[in-house]
Amino acid sequence: MVEMAPLQALEREYPLIDSNFRGFCASRHIFTVEDFLVHDLHALEAFAEQHYAPDKLKQGISQIFSIIDSQHRPWLHGLELLEDAEQNKCILSAGWESIDVLLQGGLREGHVTELVGPSSSGKTQVCLQAAAHVARNYSGTVMYFDSGNSFSPKRIAEFLSQSSDPANTQVNKTVQRVMRSIVCHSIFDIFTLLDLLHQLINNFKSQMGSRIRLLVIDSLSSLIAPVLGGGGTHGHALMVTAGFLLKELAHEHNLCILVTNHVVGGEGGVSKPALGESWKSTPHVRLLMSRYGATNGSSCVSILKHPYLATGKTMEIKII
Amino acid sequence: MTSAFSWIEVDETAKEALVRILTERPFVVLPPPLHRLPLRVGNVVEIVGPSPSAKTLILIQAAISCILPKEWKGVQYGGLERSVLFIDLDCRFDVLSLSKALKRRIHGANGVRSSMKGTENEYDKELFVECMKRFSYTRCYNSFEFLATLKTLHYRLQKEKDKQSSTVYMLMIDSIGAFYWMDRALPSSSSGSNSRKNLSLQTVAETVVKEIQRVLLVHPMLVLAAKSASFGDKQSKSEVIRNSGQRSDDKMLDSRGPRNLSHREYMPLAWQSFVSHRILLRASDGESKHQNHPTFSTEWLLPSVQFSDNFIVNDDGVVVIF
């Protein structure tokens, strides 16, 4: 969250925020820029009128206005949005034909896509294949946040050799190149996750490191579920904060984000996603995965939510 | 002397005033499911519903009706030709959903003529560009950004006014309450002084309302706000009981019968009393699937109106069914 910057720290950049102005603000119980946000600045201006040197104070207040103006995201009109979407938000193939067909091309940069489903419905397999496929076919790196020790380089190598001619001597080279561009972090609690997400945003801002195309979090729900419950508000606040960090990363830095959410037993034996109502407003795209029939390795994937595609369409997915 | 007399003279009769208000602030009928009540600038409409219940889509459809012209090159579009400001707090808005729906509407209005000419996927690009330019968008990732956006909203409105003849008609917020949990966890009282105004769920909501009210005085607009609601969530119900200190609204809603028992109000009172119209969306029970599309029903909570509509969401957007 935004740190509370004391007004004093602003004086070097904005000389109008001098000790006189700060004294005036302190008399109105304003100490930080954030305090200004909940204050009625027009009432403050009226109050400044009664001061012995109102002009200087009013200049200070309009300075504060322009600082506040720089703290929100820019307004864009529809065409500018469309241009951003067309130029910066590519569609990445997920490496699964059925998912690509379902989503009309694949995973979209700028979107947070969620896979929800019971255990062994193939969520992790989809994540691993997507990581392998994106690392192989697109420039840039793949970040893989693993919370359950389920990241398997061996499986990724298998996926890579499946999609190319086994007789080809290039396979080994490809595997090595792909492995180098997948960065895996083991994460076991939400605080480490929040730290890493903040770090990623800062890296993007200072343009450090290589371009990240895809961020996979498998499984996100197992990081968040432990802090929920007990009726406290703090767990929900952590969850929503993580959600907004993901959406900021995805949209502002054109990242494709893929997360998984497991299901738990709910009331009356009906299973429900571990991250429920308050989480629902986070992902752009929600895909439901379920095991299909008795045959091994067959699953179903269907759209639960999408910004512009119809929901309910179902495709079969074969995991070999 | 005459100037003193003129001061107490009649400015206008009630009839004149009514005519002036009706021309200055005419009623508009928004696309379904908001079509039942005429709305006008100054109204604050809250669209409450669980996720998913087509809240954002309803906002987008209303925005399209606002940015489309009444008539363009001899074709009737029935729009208002005014601008829209869209503040995205959910940060899930996808511009493609707007552009697709807008193209569809333009195409639909041209329907008869273009199908005769056989130009199926043709739409008026010039009109499309004009309309998209009337749609302004920003997003906020936390309450600080939201407050900063609102505090400087008058700059933006002034800019719109200077730039083009069409002034802003609608302010949309999708969705209010997005930062509810984050704001509730804001650290209380960071310093010793008691009179310092802390950032909290309460003060954020109060400031949001105050800033919008101030903007509305100078730039009259119709405010449409989506709000997500959860139904039958045990945990959230206990939440209401624990925090219902100053919420008289809860009891009122609960007494409306068992159907409403699970609809809970969580926004602070400052926002609740700011809302002038409230419509509740809910997923219809059972297997009442209509041509494989999930159906939703509407209920006006404020003002309380008897009729209820059922609608489905398909490729054409929101369609009312009977």
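Start with Leu215(A). Leu215(A) touches Met143(A), Phe145(A), Leu197(A), Leu200(A), Leu246(A), Leu249(A), Leu255(A), Cys256(A), Ile257(A) and Leu258(A), leaving out residues up to four places away in sequence. Contact here means heavy atoms within 4.5 Å.

A word on the source. This is a predicted model: local features need pLDDT of at least 70, side-chain atom pairs count only at pLDDT 80 or more, and totals for chains, interfaces and linings use all residues. Residues are numbered from 1 along each chain as its sequence is written, chains are lettered from A in the order in which they are written, and side-chain values use heavy atoms, with hydrogens and water left out.

Now the core. The largest nonpolar core has 94 residues. By nonpolar core I mean a set of buried Ala, Val, Leu, Ile, Met, Phe, Trp, Tyr and Cys residues joined through side-chain atoms within 4.5 Å. Buried is under 20% relative accessible area, with a 1.4 Å probe and protein chains only. Leu215(A) is among the members that touch the most others, and so are Phe36(A), Phe145(A), Leu246(A), Phe146(B), Ile212(B) and Trp271(B). Helix α12 of chain A, residues 234-252, gives the largest share, nine residues. Helices are DSSP runs of H or I, at least four residues; strands are runs of E, at least two; both are numbered from the N terminus. Where does this core lie relative to domain 1 (2-70) and domain 2 (89-318) of chain A? Both domains give residues to it, so it lies between them. Those bounds come from an automatic or database domain assignment. The C-alpha centres of the two domains of chain A are 45 Å apart.

Next, the interface. Chain B puts in 63 residues and chain A 56. Together they bury about 5,500 Å², 64% of it on carbon and sulfur atoms. That is accessible area, 1.4 Å probe, lost on putting two parts together, summed over both. On the chain B side, Arg92(B), Tyr141(B) and Trp181(B) lose the most area to chain A, together 14% of what that side buries.

Last, helix α4 of chain B, residues 95-109. It has 15 residues and reaches 21 Å from first C-alpha to last. Asp94(B) caps its N-terminal end, with a side-chain oxygen 2.9 Å from the backbone nitrogen of Leu96(B). Buried residues of α4(B) include Val95(B), Leu98(B), Leu102(B) and Ile106(B). What do the buried residues of α4(B) pack against? Elements of both chains: α5 (78-88) and β3 (107-108) of chain A, plus α3 (55-67), α6 (125-133) and β5 (135-139) of chain B.

Notes. The expected span of a helix is 1.5 Å times one less than its number of residues. Buried means under 20% relative accessible area, exposed over 50%, partly exposed in between (1.4 Å probe, protein chains only). A polar contact is a pair of N or O atoms within 3.5 Å; within protein, one must be able to donate a hydrogen and the other to accept it, and residues adjacent in sequence count only if both atoms are side-chain atoms.
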